[in-house]
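Subject: Structure for your review

Dear colleague,

Please find below the structure that I am handing over to you. My notes on what was found in it follow directly after.

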Amino acid sequence: MGNFENSSIVLKLLTAGTSACIADAITFPLDTAKVRLQIQGEVRALVQPGSSALLLRSPLQTQLGLLSTLGHMVRHEGARSLYNGLSAGLQRQMCFASVRIGLYDTFKAFYQQLLDGNNRAGSLNIGARVAAGMTTGALAVMLAQPTDVVKVRFQAAISGGATRRYSSTMQAYKAIATKEGMRGLWKGTFPNISRNAIVNVSEIVCYDIIKDTLIFYSLMKDGVTLHFTSAVIAGLCTTIVASPVDVVKTRYMNSSKGEYKGAMDCGVRTFMQEGIKAFYKGFIPSFCRLVSWNIIMWITYEQLKLGVVKLTHQEEH
């Protein structure tokens, strides 16, 4: 039987993007709750910088947990509010995950050849894997950043409230480009590149190494159970490492023009106003979402890869 690594780039991108979209559609309410918790308690200026500013905290004065946030949204905004920004989210995954996951093996093979010429038999090639994860993560952000900006703003908006800025995904793209320029669509690119370099290394590389290690030491056989175990551990590692950068990314991308001088300013002001705990706001929904997302995505991805290989094998014969 053939090898998925020999498949075309287009097929790799479609397989990864489809798997990510399925995972995103199922876990999206947890992602929305995470965004709401991350901006909870955020102090925002009521008027534009340069004039006397009245500081205003985000709408929810009471600090809510995961279940309370989900319940509050359903009661006050309707169940559909849990899927605010889903369209932009799926657009993001098809652009973003297809690159960071679909091209990972290609770049890993490239860096393995570049670093050691594939001479170290049985080696985990951790350096090559990390380099591949950072490369595909950065490429994916530069391509898909506008979809992430729109997704975050939709998720942060309260349905029917004053914070709702856009009527549709396409209107959001146009409005941001008109009012904030093209830079507005790529707002938060640097913290997002930083975040996704971390996420890719702690998620994809972690999954890859755990899976290969368990197989190498004959602790588990390649199959759904192995993919499930590797995905859970990778999701936990990602949540712990990436949460602080994720909070800054969310707040900065959701901010009005001129509210923060930059991502660094956003991080400093968050720490000064709310302390270190602010960087782990939304940790529980983030953990639940990342672990469940990883489980669904990796199992779906591995099964789709097997399906592609079988289909290719049948066509060849």
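Serine 218 is exposed, because its relative accessibility is 63%. This serine is found in the loop that runs between α8 and α9. Although serine 218 is not a glycine, its phi is positive, at about 55°. As background, most residues other than glycine have a negative phi. Please bear in mind throughout that this is a predicted model.

Cysteines

The structure contains zero disulfides. For cysteine 21, the closest cysteine sulfur belongs to cysteine 95 and lies 9.0 Å away, which is too far for a bond. Cysteine 21 counts as buried because its relative accessibility is 14%, a value under the 20% cut-off.

Cysteine 237 is likewise in no disulfide. The nearest cysteine sulfur to that of cysteine 237 is 3.8 Å away and belongs to cysteine 206, whereas a disulfide requires the two sulfur atoms to be within 2.5 Å. With a relative accessible area of 28%, cysteine 237 is partly exposed.

Cavities

Two cavities of 30 Å³ or more are present in the structure. By class, the lining of the largest cavity comprises nine charged, four nonpolar and two polar residues.

The second largest cavity has a volume of about 80 Å³. Among the residues that line it are Asp31, Lys34, Asp246, Thr238 and Thr239.

Two or more residues of the lining of the second largest cavity come from each of α1, α8, α9 (224-254) and α11. The greatest contribution to this lining is that of α9, which supplies five residues. The lining of the second largest cavity divides into five charged, four polar and three nonpolar residues.

With kind regards

Key
Residues numbered from 1 in each chain as written. Predicted model: local features only at pLDDT ≥ 70, side-chain atom pairs only at ≥ 80, totals over all residues. Heavy atoms only, no water. Buried < 20%, exposed > 50% of the residue type's maximum accessible area, 1.4 Å probe, protein only. 1 Å grid on protein atoms, 1.4 Å probe; cavity = no way out; pocket = protein on both sides within 12 Å on 5 of 7 lines; lining within 4 Å. Points joined across faces, edges and corners; volume = space filled by probe spheres on them. Nonpolar A, V, L, I, M, F, W, Y, C, P; charged D, E, K, R; others polar. Helix = DSSP H or I, 4+ residues; strand = E, 2+ residues; numbered from the N terminus.
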